[in-house]
Amino acid sequence: MKNNNNINKNTDNRVDIIIDRLKGYYPAADCSLEYRREPYKLLIMARLAAQCTDARVNAVSKDLFKRFGSIEDFADADTEELEKAVFSCGLYKTKAKNIKDMCRMLLEEFDSRVPEEMDDLLKLPGIGRKIANLIRGDIFGKPAIVTDTHCIRISDRLGLCGGTSNPYLTEKRLAEIIPPEESNNFCHRLVLFGREYCKAKNPECGKCFLNDLCGFVKI
């Protein structure tokens, strides 16, 4: 295992190389949550994805959005019915309550529309900066750094964030070094890269196309 604390030298050049290689391997950088371009669905699915796989959320959401077909349906949902519908995503009581409450707020304060501004998004129950940035990037085309577990782990291993594993500090550091127009897709590509190569356990360092730039190599 190699852990090079000086890996962040010439960061600008390294960032350009990393971005270009990720683009080459993952030209399509779509969100892995299948929300069909409907903003409120992405909001709900992102909340369900906490401590749950995107694959599970996609599977659960097919039936969920058949049973509750609008923001109004979620806002008026029977709590127990909603809990049962999201049970397999884990933390189902908290998630069901957040979804119901956020949809009520969308109706009452935002005219049934998902807001665009960070401060407004953070008012919604259960929504933190990670989900807010996902919404801003995917729905509104804003520069956005989504610091999920893949982003934090890989950025740390690549030496891009000074050794921090704090989501907010990772977001701020990446926002400084990733070109704004690349930021949203960069994070989506990190998810794909993290699943295929840079896994939390048993990373595929020997096959990795970024191992020559990495401060954490296990071969």
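**Cysteines, Asn-133 and the overall fold**

**View 1. Cys-205 and Cys-214 in the predicted model.** The closest cysteine sulfur to that of Cys-205 belongs to Cys-214, and at 6.3 Å it is too far away for a bond. A disulfide would need the two sulfur atoms within 2.5 Å. Cys-205 is buried, its relative accessibility being 7%.

**View 2. Cys-103, a cysteine in no disulfide.** Searching the whole structure gives 0 disulfides. For Cys-103, the nearest cysteine sulfur is that of Cys-89, 15 Å away. Cys-103 has 1% relative accessibility and therefore counts as buried.

View 3. Asn-133 has a relative accessible area of 4%, so the residue is buried. Its side chain makes a polar contact of 3.3 Å with the side chain of Glu-171. Leaving aside residues up to four places away in sequence, Asn-133 touches Met-118, Ala-144, Ile-145 and Val-146 as well as Glu-171.

**View 4. The whole protein chain, for orientation.** The chain holds 11 helices and 2 strands; the order of elements from the N terminus is β-α-α-α-α-α-α-α-α-α-α-α-β. The C-alpha trace spans about 55 × 30 × 30 Å along its principal axes. Buried residues account for 50% of the chain. Of the contacts with a separation of 6 or more, 61% join residues 24 or more positions apart. The accessible surface is about 11,300 Å², and carbon and sulfur atoms contribute 46% of this area.

Conventions:
Residues are numbered from 1 along each chain as its sequence is written. This is a predicted model: local features need pLDDT of at least 70, side-chain atom pairs count only at pLDDT 80 or more; totals for chains, interfaces and linings use all residues. Side-chain values use heavy atoms; hydrogens and water are left out. Buried means under 20% relative accessible area, exposed over 50%, partly exposed in between (1.4 Å probe, protein chains only). A polar contact is a pair of N or O atoms within 3.5 Å; within protein, one must be able to donate a hydrogen and the other to accept it, and residues adjacent in sequence count only if both atoms are side-chain atoms. Contact means heavy atoms within 4.5 Å. Helices (H or I, at least four residues) and strands (E, at least two) are DSSP runs, numbered from the N terminus. Accessible areas come from the Shrake-Rupley method with a 1.4 Å probe; for residues, only the protein chains shown count as cover.
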